[in-house]
Amino acid sequence: MRKITLLSLLVLMLFSCSGNDDYRGNPNLADLNFSLRLNLTLPEYNQLQYAGNSYVTYNYGVKGIVIYNINGSQFTAFELSDPNHPASSCSGMTVNGVIATCNCEGNSYNIITGEPASEENLQYTMKPYRIQQSGSIIEVWN
């Protein structure tokens, strides 16, 4: 009886685990692997030590990455390729303040939340990247 109970529990656990079948990845953005480390004591990245400042690099990600300091201790990092436009020569976004705007269609997004900045009904938000601060080093990766 004990074996049947254990076997039943095992089968129940196996079937209760759901797969990732309903995951809807963004077909417009490639899933690139990278790791970026920024030393905030260096002049190039110094502005990221202060809340409300951002840093943009076009050397990582699909079309670049924007890193934003929210409050001095929390950061966000997002892909700078318009998530609602297939990657092309004009799908990169430019950052002005806290708004990133696509050079193709004019779609705009908030770089703090990644959400569309306008009331448009856009299917995807900006692609977030993982970010972690350890002392004066910020690491961004996917």
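Definition to start from: two strands pair if DSSP finds at least two bridges between them. The strands themselves are DSSP runs of E with at least two residues, numbered from the N terminus.

Housekeeping: I'm working on a predicted model, where local features need pLDDT of at least 70, side-chain atom pairs count only at pLDDT 80 or more, and totals for chains, interfaces and linings use all residues. Residue numbers start from 1 along each chain as its sequence is written, and side-chain values use heavy atoms, with hydrogens and water left out.

**Entry: around S9**

I looked up strand S1 (residues 35-39) and found 5 bridges to S9, in the antiparallel sense. Within that pairing, Arg-37 has Glu-139 as its bridge partner.

On to strand S8 (residues 130-134), which runs antiparallel to S9 and is joined to S9 by 5 bridges. Here Arg-130 sits opposite Trp-141. S8 and S9 make a hairpin with 2 residues between them, and Gly-135 in the turn has a positive phi of about 65°.

Which side chains of S9 (residues 137-141) are buried? Ile-138 and Val-140 are, and they point to one face. My cut-offs: buried is under 20% relative accessible area, exposed is over 50%, partly exposed is in between (1.4 Å probe, protein chains only).

**Entry: the S2-S3-S4 sheet**

I then traced an open sheet of 3 strands, ordered S2-S3-S4 with antiparallel pairing. S2 (54-57) and S4 (75-79) are the edge strands with a single partner strand each, so one side of each has no neighbour in the sheet. Neighbouring strands here are turned by 15° against each other on average, direction ignored; the axes behind that angle are lines fitted to C-alpha atoms, and angles run from 0 to 180 degrees between N-to-C directions. S2 pairs with S3 (residues 65-69) over 4 bridges, and Ser-54 has Tyr-68 as its bridge partner in S3.

**Entry: cysteines**

How many disulfides (cysteine sulfur pairs within 2.5 Å) does the structure hold? I get 1. The disulfide joins Cys-90 to Cys-104, S to S 1.8 Å. Cys-90 is in the loop between S4 and S5 (93-96), and Cys-104 in the loop between S6 (99-102) and S7 (108-110), so the pair ties together parts 14 residues apart in sequence. The S-S torsion is about 110°, so I note the disulfide as right-handed.

Both ends are partly exposed: Cys-90 at 30% relative accessible area, Cys-104 at 26%. I also checked Cys-102, which is buried at 4%. The sulfur of Cys-102 is 4.3 Å from the closest cysteine sulfur, in Cys-104, too far for a bond.

How values were computed. Disulfide = S-S within 2.5 Å.
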